[in-house]
Each structure stands twice: as structure tokens, then as C-alpha cells.
Amino acid sequence: MNMDPFSFIVAILVYVAVIVFVAGMTFKIIVWAKSPRMKINLGIYPKPRNGFVRFFRIIRDSFIFPQTLEVDRWMWVFAMLFHAALFVALFGHFRLVREFTFVSNVIGQDNLNTLGAVGGGTMGIIMLIALGYYLFRRFASPYKDISVPEDFILIILLAGIVGLGDHMRFFGAVHTEDYREYFQSIMRFKPAFNEALAQSQTRWVLSWHVLFVNLFVIYFPFSKLVHLIGTFFANKVRSE
Amino acid sequence: MLDIEKKELMIQTLKNKVNKQLLYYLDVCARCAICRDACHQYKVTRDPKYIPAYRAELIRRLYKKYFSVLGKLFPKIYEAKDIDDEFLLSELYQVTYACTGCRRCMYYCPFSIDTLHILSVAKAILLSAGMENQILRELSDAAIMKGENIELFKDIFVTMLKESEPEIREKIKDKNAQIPIDKKNADVLYVALSGMHSILPAAIIFDKAKINWTLSMFEAANYGYFLGDSQKAKTIADRIVSEAKRLNVKEVIITECGHAYRVMNFFYEAWTGQKPPFKVSALIDSISRYIKDGLIEVNKNPSSEIVTYHDPCQVGRNGGFFEEPRYVINAITDNFRELTPNRTKSWCCGGGGGLVAIPEMDEFRIKTGEIKANQIKETEARIIISPCENCRLQLDSLNEKYGMDIKVKSMMEFVAENLKV
Ligand code: HEM
Ligand code: SF4
Ligand code: SF4
């Protein structure tokens, strides 16, 4: 095994994080599901005419929340950018599970790498800017008056993840294949660095990136980020 | 410091109020403050404690303290607070009884968080601490007292009604017209407010439309609801429900009073677990039906004055009547001009939530009504119609304070004035 102790601990923590995340989210959903439902429907009028329209509205209100645009345009813009970039960046990480051969077969391996570099890099920068906006906003009144430490913890963890991710994207000399080997070694329950990573200083950036992800993922089910699922339920109440 | 037993009671109250909706709302709020400018009270005062999310946050701090593992372990992360924290309770009292329950914040929140719902839990906690609003409590108790001693009030009430009957007969040229009371097997029980202003115009309309109706001895207003005491609120509503059952009516029509309709049509079921055994209608809905069905006719364009309409939050966004009132107004005048924004986005007038009944809130509600006042001025209307008593009282105050030079009317008044006889 060619991992330094720190990187090894971080890798082991991945398992803990996955377990805590799954258990935590399951627990949250069970608590929600088991609590009594209010007997009456207190949605906002005009209410949807039928179940189909209701479904459409729940989806629209959860993904686009158009009414927000009218009352706080910049927050809407940055929230949209952030979430879209987050989604694309997360999706990009699946290259670590398996190379997107369905793409490289069409456009070629080199082009896929370029696409990853440009696309991933752009998403990283968008997220960083959006996080900067989130953070900056919370230092100003009246946002600081309603912020609690949880809000800052999440933004800082995210900024750590994104910042270190961008660092690997823009400064590292390590290739996707090497990261993929690292990722797959964790998936096989035998965490290890290959030669390229073990030789490179970038392994520190990588391990810190993963450490921040672990902390973030562990905290996720106990934070306001359960809005990942909760938004659909809450927006359903609006339409009932 | 509150004593231990009271503290236990307050925690228990919070626990009893936990339901799905509350959990979603407490768990998902991102504290993004998108809701801030949706609330007229924050927008006018710029005081952070009136941001809807801040109001909800006060309850969230208690919830984190007692019901979340991490909140118990690391209260600082969530600023979790003890339920007997005096500063928290005093802020909670202020922002809870200030909220008009307009739910405009819910409309704009990306997660549709219902701040009013969270604050109904706040009211329950304040009640269990003996910190409820005293004026609303007195008004609720008075209503309950009246229900228990209705015989004492009946004679005066009947005399007052009899005195008004000639006016109706004169108006609709029908010498048999009357204001029936205690009439068994009537089709409709009409529930008004105290004061002839909410009885007379409706009586004119019902009698003209030849409805088989009877007047309730009780007023529709329910201060128990504003107080947040579901026990008292239920007792107050029950006066009307048992009267309707006793008289065996088919339909109960609630006068133009936003919360009263919601109490009968929604909350009564939540408090008692059953729907009232009759149809519940709102008077504006009935009036628009009478016109549509040709039961009454109205004069078109009695004057060239511009008429505007204020959507009461409890009638529009929270009650579902947007087109009915517009249909009626358009039946009478071609000079109807909308406020902007309107319908589901309508600004609260600032007087809801029982605020008009609380003298200490006068200054605050008139100040926070500024947005509504400006909106009305922009239309250059000379008549504003609003089918909610609280809104009309508030609009009267605004009219005076902001020099709007406008006549505030109920829909029944507007229709009765312009009735074709
Ligand atoms: C689908 C509906 C969603 C809506 C309406 C929504 C809405 C929001 C809003 C309004 C914020 C702003 C928070 C702030 O001002 O700080 C936010 C933050 C955030 N959301 Fe979402 N979100 C959604 C889905 C998701 C999903 C699927 C994820 C992730 C896996 C996610 C992760 C985050 C993160 C990481 C933040 C930043 C943390 C923070 O600002 O504290 N969201 N979301
Ligand atoms: S808009 Fe909704 S999620 Fe955002 S702070 Fe207000 S209540 Fe919370
Ligand atoms: S319900 Fe209305 S008054 Fe109450 S917090 Fe929301 S916007 Fe403000």
C-alpha cells in the first residue's frame, strides 16, 4: 500500500460517509412519513384542476420556482446557476466510476477530455462565484440577522470542495485515468494510489477534496440540505 | 424564569403540534431570505425580525433544541434555544401576533414554506406559557359568553332587526320583506357580523332574490382563531354549527369576512375531525350566483367613478375567490380598474390576523399598510370594494391617514345600492 496515513484515513472515511448519508436520509424520511398529516388541505389558490396539473406544478415549483424570480431576481439567478452547475459537476464525476465510452466513441477520447476540462472547469467556477455570492450576502444585513452557523458551515465546506476540485482541474498534472483508479480502488474496498498519484503532490489536494466531501456528505442529512427531497413534499402541500 | 412545570407543558405543546407539514417547513428552509420582500411588514419597516424566515426561525430554534439530535449535541450550530428563553419568547410574541396571516411569503418561497402554519404553533406555545394576546383572549371569551347566554341578547337583537325592516320594504318595494330569525327548515342560515352594516344589505339581497333564509344570532368573526386557541375557536364556531343543525338548514352563508369563511370551510374540520353537516358558502360567491342565475338584477353604470377591488388574502389566495367578485363588479360598472399586483399576488392590506382589533397595533398596521395605500392611489379609484371586514376597517384607516379620498365598500353594500327593483 502506497498511501500516506492521512490519505488512507480520508479514504476509509468515505465508507463512513456513505453509511451515515444513507442511514441519515432514511431516518429523516421515516420520521417525515410517520408524522401525522394535517387533515385539511391548506394550499394556495388557484389550486390545480386535477392530479396531472398538480404533478406538473410540483415539478415546476421545485425545479424552477418561477415566482421567486419576481421578488429576488439575483438570488434566483445564482441559485439556478449553482444548482445547475452542481448537477452537471456531479454528473461529470461518474466518469470516475466508468469512462463515458458512449461519448468518447462518438467524439473521440481527446475531445471528451477537452469537454471534461472546459465543462468541468466552467461549472467549478460558476459554483465558486455562486458560493461567493451566498457567502457575501450572509455578511450583509438583513441576511446576517437570519443566518445561523449552519449556513456558514455548509458554504465553507462547499467552497472547500469546489475550490480544491478546481485546483485539481486547473493546476494538477494528474490524468482522469489515475483518479479513476483511485476511485475504483475505494469502490473495491482496497483504497490505494497508483504510481502517478503517489508521486505527485496533487495527492494532497485530492485527499483534502475528498475529506471535505466526506464531511459535507456526513452533515447533509442533518442540515437544511434535506431540501433535496423535502422541496417536493413542501411544494406538494402548496398545490393541495 | 418560568417554572419547570410550565416549561414541560410548553415542550409538550410543541411536540403535539408536530406534523408532516411542520417538519418539512422546519427542516428545509435555506434561510435564503427570498421571502423577505414578500412580506409587507418587513418591506415597510426594514426590521429583520419581521422577515418571515426569522419568525419561523424562532420556532426552529426550539425544535432543534428538543427534537433534533445534532441540535441537542451542538446547539450553537443552529442557535438552538431553551423554550423558556425570555428574549426569544418576547420576540416570538411580537412577530407572531403581528403576522396578518396573508401567506404572501408562502407564495414566493421556493419551498412554499407556510410561515402562518409555523406561527400557529408559536401561538399554541405562547398560550401554554400564558403569554397569549390579552385583547384577543377577552374578545374570544366574550363571544363564548354570549353563546352561553344567548337568551339575554335575543330580545334586543330582535328589536334592532324589526326597526330595520321598513327600510328593506321601502328599498325593494315588498311589504312582506323581513329579517327572519330562528326560522326552522330555512334553506339558508346567514351568518353576519355585529352591526346592521353587515345585515341590512344582505337582507335586501336575500329578500329580493326570494331566498328562504334566516339570520344567525351569532356573528361570524372568530377571535379564538386569531388568538390561536383551537379550543376556544372551536367553541365559538360550534355556536353557529349547532344553530344550523337546530334550524335544519341546508346551507350556511358566511358574510364578507375572510377568516370566518376559512374557519367554517377549513379549520372547523381540522379542530373537530369532521366537516360541518351543511354546505358552507361565502356571501360573495352566493351574490355572484344570484346575479348569474337571474335571481337579482343590477343597474349598469350608475356613475362614472372608477371602482377598484382589493383581494382580501383570506378570500383570494387563501380562500379561492378571484373571479366571483370581479364578475359582480363588472356586472355593475365598466369603470373597474385592477390594483397591481392582484389576485394570488395581492398585497396584504396590513389589517388581517386580528390586528384591527388590537389598539396597540394601530400605529404598526397603519404604517405597514403603506404599500396598499400607494397601490390604491395609483388606480385613481374613488370606490374600493373588499369583501372582508378586517380589510375594510384597515382600508378606512388608510384612507384617513394617507388621504386617499376613497369610499370603502363591501360587495353586498355595492350590490344593494345598485339593485334593480
Ligand atoms: C430541486 C429543488 C431545489 C431547490 C428549490 C433548492 C433551493 C435552494 C436555495 C434557494 C438555496 C439557497 C441557499 C442560501 O441562500 O444559502 C439552496 C442552496 C443549496 N442547495 Fe438547493 N435546492 C434544490 C435542490 C438541491 C439539490 C438536489 C441539492 C444537492 C444535492 C442542493 C444542494 C444545495 C446546496 C449545497 C446549497 C448551498 C448551501 C447553502 O447555501 O447553505 N439543492 N438551494
Ligand atoms: S424563502 Fe423560504 S426557504 Fe427562503 S428563507 Fe424564506 S422561508 Fe426560508
Ligand atoms: S403571512 Fe404575511 S404577514 Fe405573515 S410573515 Fe408571511 S408575508 Fe408576513
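1. Around ligand 3 the model places Cys39(B), His40(B), Pro52(B), Arg55(B), Cys99(B), Thr100(B), Gly101(B), Cys102(B), Arg103(B) and Cys105(B), where a residue is near a molecule if one of its heavy atoms lies within 4 Å of it. By class this shell has five nonpolar, three polar and two charged residues, with Ala, Val, Leu, Ile, Met, Phe, Trp, Tyr, Cys and Pro taken as nonpolar, Asp, Glu, Lys and Arg as charged, and the others, Gly among them, as polar. This is a predicted model, in which local features need pLDDT of at least 70 and side-chain atom pairs count only at pLDDT 80 or more, while totals for chains, interfaces and linings use all residues. Residues are numbered from 1 along each chain as its sequence is written, chains are lettered from A and ligands numbered from 1 in the order in which they are written, and side-chain values use heavy atoms, with hydrogens and water left out.

2. The shell around ligand 2 also comes from chain B, and includes Cys29(B), Cys32(B), Cys35(B) and Cys109(B), together with Pro110(B) and Phe111(B). Its residues divide into 11 nonpolar, no polar and one charged.

3. The iron atom of ligand 1 is coordinated by NE2 of His83(A) and NE2 of His227(A), at 2.0 to 2.1 Å; donors here are N, O and S atoms within 2.8 Å of the metal (3.2 Å for Na, K and Ca), and water is not among the atoms, so sites may look incomplete. His83(A) lies in helix α4 (residues 73–92) of chain A and His227(A) in helix α12 (residues 227–239) of chain A, so the pair ties together parts that are 144 residues apart in sequence. Ideal angles for six octahedral donors are 90 or 180 degrees.

4. His227(A) is buried at a relative accessible area of 15%, whereas His83(A), at 37%, counts as partly exposed; buried means under 20% relative accessible area, exposed over 50%, and partly exposed in between (1.4 Å probe, protein chains only).

5. Chain A has 12 helices and zero strands, helices being DSSP runs of H or I with at least four residues and strands runs of E with at least two, numbered from the N terminus. Of its 240 residues, 45% are buried. Among contacts in chain A with a separation of 6 or more, 75% join residues 24 or more positions apart, a contact meaning heavy atoms within 4.5 Å.

6. Arg238(A), which lies in helix α12 of chain A, is buried, with a relative accessible area of 7%. Beyond residues up to four places away in sequence, Arg238(A) touches residues of both chains, including Asp61(A) and Gln67(A) as well as Tyr107(B) and Cys109(B).

7. Two backbone details deserve a look, given that most residues other than glycine have a negative phi, and most peptide bonds are trans. The peptide bond from Tyr45(A) to Pro46(A) is cis, with omega near -5°, and Pro46(A) sits in the loop between α1 (5–34) and α2 (51–63) of chain A. Glu380(B), although not a glycine, has a positive phi of about 60°, and at 53% relative accessibility Glu380(B) counts as exposed.
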